[in-house]
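Have the structure open beside you as you read.

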Amino acid sequence: MTTGPDSVRQQLEAMGLINVDEIYHNLNTAALYEEALALGEGMLTEHGALAVNSVPYTGRRAEDKFVVEEAESKGDVWWGKVNKPFDEARFNALKARVFAYLQGRDVYVQDLMAGSDPKFTLPVRFIQEYAYHSLFVKNMFIEPTAEQLANFLPGFTVVTVPGFTAIPEIDGTRSECFIILSFSQKLVLIGGTSYAGENKKSIFTVLNYLMPKIGVMSMHCSANIGPNGDTALFFGLSGTGKTTLSADPDRALIGDDEHGWSDDGVFNYEGGCYAKVINLNAEAEPIIFGLTRTFGTILENVDIDEDTRVINLDAQTHTENTRASYARERIPNLAPGNRGGHPKNIVFLTADAFGVMPPIARLTPEQAMYHFLSGYTAKVAGTEAGVKEPSATFSTCFGAPFMVHHPKVYANLLGKKIAEHGSKVWLVNTGWSGGPYGVGSRMKIAYTRAMLRAALSGALDSVAFVKDAFFDLDIPTECPGVPSEVLNPRNTWADTAAYDKQAAHLVELFAKNYEQFA
């Protein structure tokens, strides 16, 4: 096996990472498959995807994420529940322990780029203990050109050591897991968890810090381009349809999750997709379904029969948060260059389990700022005794765990961009209709796609709108391909008094959440 060039070893030693054994530098997909399988990190599925398991941690550990409190960045960070401070001296001590742990061990190094616009590209070096993590970041980020690779100097470095567990009494962490960002040292340390998404989201957090400082709007959204060259953005939390709805066969995909909006237009931060695949089916989501059966795809925590190697996308053996990681190039309909123009339309997605939000509504600029700062969706009722109501989730900017600056920094940038380019803003509810979860039914994806097609094509520009009494939203009275009674949620409830009570309750939750921005 070819090891990394001497220059990479010298660069690792210069940052204090000495006496590592083999350095596997920029291995290709096939080689990383071989490494991961030989080390027992995963299993080959019947169709060629690599199935891996990150148990016991099958999602992000937001409570174990910290930002080092440093003089250089201290004044820029919105400190609090999301951005928890970590002592600089303790970070340096923990870094020394992590680097000592890696002595005598093999490491997998991938040199990649974050940001498809050359003006704003961040070179990132990933140094990892697991081969499948190296394949994951290779899928998820942008491969450098030969010229970029020849002169590669990391602008940020991520060191991931799942086998190293922190000792809170010694290291100052909350638990054995840690995700700690140092903007001064341009370094991220991840340990105690093998959930691959921590690598991706740590760099998104870095870009959310760097980009607004140079006037680029950093966004947790998907993006695509229509046949007429019109760019659309889709903001939404997990489970609202951000990835699914952007993967439209009739529109070219820019990216499914993280983007920047500069003076030149929209550009993808990534080179791959990380789709949620629980209950995925070929009819509703043919593109993503096909990619779960493709060489190069990583299936994380998806159930697999160890004898037949058949995967079961409906099972929740390990977690409901099952994922597929695949390179963007494997998608059949791609926007050239990973980039698009200024968005003509912006869509805020919510999955309202209360069943009271309209399936589509047109927002004024002021309403757009309100709903962007709110970042609303709702989770279905739990299984605990006595829990019958859905629970509201508010994640400011539709990505609170990854926002480093105060939310108004992002909101003001978005408002400025919308005003400059005349973008239309829509609120789309992919959640429940005819009643809350347990009474009503989930909005048909065919209806949602029809509403989006009408909004993005301009077909809704000529129809009449009515004002919603509770949320003050403009609702279209008709839409091609959608029964008119579906468009106004109150009309879908058998008990309109119950609707009024539920809607008033949600309005109160919105107002209470927004008090922090008043």
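Buried means under 20% relative accessible area, exposed over 50%, and partly exposed in between, using a 1.4 Å probe and protein chains only. Please keep in mind that this is a predicted model, where local features need pLDDT of at least 70, side-chain atom pairs count only at pLDDT 80 or more, and totals for chains, interfaces and linings use all residues. Residues are numbered from 1 along each chain as its sequence is written, and side-chain values use heavy atoms, with hydrogens and water left out.

1. **A buried salt bridge.** Glu258 and Lys200 are both buried. The two form a salt bridge, with their closest N and O atoms 3.3 Å apart; the term stands for a side-chain nitrogen of Lys or Arg within 4 Å of a carboxyl oxygen of Asp or Glu. Glu258 sits in strand β14 (residues 258-262) and Lys200 in helix α7 (residues 197-210), so this pair ties together parts that are 58 residues apart in sequence. Helices (H or I, at least four residues) and strands (E, at least two) are DSSP runs, numbered from the N terminus.

2. Lys242 pairs with Asp257 in a salt bridge whose closest N and O atoms are 2.5 Å apart. Lys242 belongs to helix α8 (residues 242-246), while Asp257 is in the loop between β13 (252-255) and β14, so the pair ties together parts that are 15 residues apart in sequence. Lys242 and Asp257 are buried as well. Through shared partners, salt bridges join Lys200, Lys201, Lys242, Asp257, Glu258 and Glu270 into one network.

3. **The wider tally.** How many salt bridges does the structure hold? The count is 26. One of these links the side chains of Lys467 and Asp472, at 4.0 Å from N to O. Asp472 is partly exposed, with a relative accessible area of 44%.

4. Take a look at helix α10 (residues 365-374) and helix α11 (residues 407-421): their axes come within 10 Å and cross at roughly 145°. Such axes are lines fitted to C-alpha atoms, for helices over the stretch in contact, and angles run from 0 to 180 degrees between N-to-C directions. The crossing of α10 and α11 is right-handed; a crossing gets that name if the near helix is turned clockwise from the far one by less than a right angle, and left-handed if anticlockwise.

5. **What meets at that crossing.** From α10, Met369, Phe372 and Leu373 meet Pro407, Lys408, Tyr410, Ala411, Leu414, Gly415 and Ile418 of α11, with contact taken as heavy atoms within 4.5 Å. Sorted by class, the contact of α10 with α11 has eight nonpolar, one polar and one charged residues. Here Ala, Val, Leu, Ile, Met, Phe, Trp, Tyr, Cys and Pro count as nonpolar, Asp, Glu, Lys and Arg as charged, and the others, Gly among them, as polar.

6. **Asp111.** Is Asp111 buried or exposed? Asp111 is buried, at a relative accessible area of 2%, and its place is in strand β6 (residues 107-114). The side chains of Asp111 and Arg125 are joined by a polar contact of 2.7 Å. That term covers a pair of N or O atoms within 3.5 Å; within protein, one must be able to donate a hydrogen and the other to accept it, and residues adjacent in sequence count only if both atoms are side-chain atoms.

7. **Helix α2.** Thr29, Ala31, Leu32, Tyr33, Glu35 and Ala36 are buried in helix α2 (residues 29-38). Their cover includes β1 (23-25), β2 (42-44), β3 (50-52), β6 and α4 (131-140). Just after α2, Gly40 takes a positive phi of about 75°.

8. **Backbone spots to check.** Most residues other than glycine have a negative phi, and most peptide bonds are trans. Cys397, not a glycine, has a positive phi of about 65°; Cys397 lies in the loop between β25 (391-394) and α11 and is buried, with a relative accessible area of 1%. The peptide bond from Val55 to Pro56 is cis, with omega near 15°, and Pro56 is in the loop between β3 and β4 (65-68).
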